[in-house]
Amino acid sequence: MHQSKITRRQMTGGLVVAGVAAALAACGNRPGSTASAGNGATAWVLTGGPEQTFRESFERWNAAHTDQPIATEWFANDAYKEKIRTAVGAGNAPTLLYNWAGGTLADYVANEQVIELTDTTTAAQERIVPSLLDPGKIDDKVYALPNNNAQPVMLYYAKPAFEAIDAEPPTTWDELLALVPEFTAAGYIPFAEAGSSQWPYLMWIEYLTDRIGGPEPFARIVAGESDAWSDPAITGALEKIQELVRAGGFGDSYGSVDADSGADLALIHTGKAAMILQGSWVYANFLTDAPDFMGAGNLGYMDFPSVAGGTGDLSNIVGNPANYWSVAAGGSEEVQQIAIDYLNEELYNDEYIAALVAAGTIPAALDADDAIAASEHAEYLAYGYDMVKNAGSFTQSWDQALSSAAAQELLTNLSQIFLLQTTPEQFVANMNATL
């Protein structure tokens, strides 16, 4: 069976391991219960990724609450995004509203389309990694709770490439730069990069900005503060990106490499590139595309390096904290209460956590250590889970945190930075115009 690539664009789906991924793909379009239960509680859910976790959870709830069922309807990612915009705008949103938090959630809250959950979901909140609650807050009030797996971005590397030049993984930016000519001389592209897809560029500016100035510069951007893009941490990050480009860090053809087809990962597992900065969702694709490479233990992973003079906490991470549940404001108080009770009872209980781990994903839950330790991929999952659980902050991918218009402008200007077609100063001016 063909296994399609898992990317952050398809869903915030995470590490679906080989075998499990194929099984989920096979069941993705099977009929479930539909959202046609009259005036009862409803939920719209995405297929793929940790789909089975959701299916089992709603089945448990409906079996135990026959008088308060939640009817579910299932959608592929792109179909869902189109349908949910229409439904929310028309006041016909499902009771449990599946979303990505960030700019979309801010719009929902501003338009009073979802209800506050701060005081009504404390039981659920107590089971969630605190840093993963933050993207679901607007003005320090909870409007959305994470519902699946966390996906931190990390630096992956090919162990054979490092052995070839007798090097250790870099822990500082200067060490990283020093490796570029060594890998180039040995015939490796230092960093695989999918410039054709544009969004992989984001991970560089996100981590460099954080390492230089912490999460506050981007928080000011999200808040819409005047000239917030002028923060020195942003300019410093852009300068370092172009420094790495000019040094040959991405080779010569990165602008034509595509992420959705896995072309960037192929550079790693075919011995052409040494490192790649990507999200935890690519682990599944490495397992599927390169079983021999993975079976030999050739993939390493590490935290993003420190930057000299930077003030960012080295435990800070970036990526996709999770997908989120909100409760729509349009339903009756009765159906809203059913949704709230579901969140308090089901979200990240023991069965929920076990299902996420079985799918090879990193739960957004506080107490997942035992379940992870028993997993086939315990070493990798524990590494990612510790990153998430111990994170000083977890900054959401910038294009998801911003409005869609600002996000597109960001991708366009950042692509020009990587292709050396614009300067950091012009980037800053263009982005300040979006505030």
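## Two pockets

A pocket here is an open set of grid points where a 1.4 Å probe fits, with protein on both sides within 12 Å along at least five of seven lines. In this predicted model, the second largest pocket holds about 790 Å³ of space. It's lined by 25 residues, and Lys-81, Arg-85, Thr-104, Asp-399 and Ser-404 sit closest to its centre. Helix 3, strand 3, helix 4, helix 19 and helix 20 each give two or more residues to that lining. Sorted by type, the lining has 10 nonpolar, nine polar and six charged residues.

The largest pocket comes in at about 910 Å³. Its lining counts 30 residues, with Lys-137, Phe-218, Ala-219, Val-222 and Ala-401 nearest the centre. Helix 10 gives the largest share, five residues. This lining splits into 15 nonpolar, nine polar and six charged residues.

## A strand tucked away

Now for strand 1, residues 41-46. All six of its residues are buried, so the strand is largely enclosed by the rest of the structure. Ala-41, Ala-43 and Val-45 point one way, while Thr-42, Trp-44 and Leu-46 point the other.

Strand 1 pairs with strand 2 (residues 70-75) in the parallel sense, over six bridges. One link to look for is Leu-46, whose bridge partner in strand 2 is Phe-75.

## Out in the open

Ala-110 belongs to helix 4. It has 63% relative accessibility, so it counts as exposed. Its C-alpha atom is 9.5 Å from that of Ile-138, 28 residues apart along the chain.

Key. Residues numbered from 1 in each chain as written. Predicted model: local features only at pLDDT ≥ 70, side-chain atom pairs only at ≥ 80, totals over all residues. Heavy atoms only, no water. Buried < 20%, exposed > 50% of the residue type's maximum accessible area, 1.4 Å probe, protein only. Helix = DSSP H or I, 4+ residues; strand = E, 2+ residues; numbered from the N terminus. Pairing = 2+ DSSP bridges. 1 Å grid on protein atoms, 1.4 Å probe; cavity = no way out; pocket = protein on both sides within 12 Å on 5 of 7 lines; lining within 4 Å. Points joined across faces, edges and corners; volume = space filled by probe spheres on them. Nonpolar A, V, L, I, M, F, W, Y, C, P; charged D, E, K, R; others polar.
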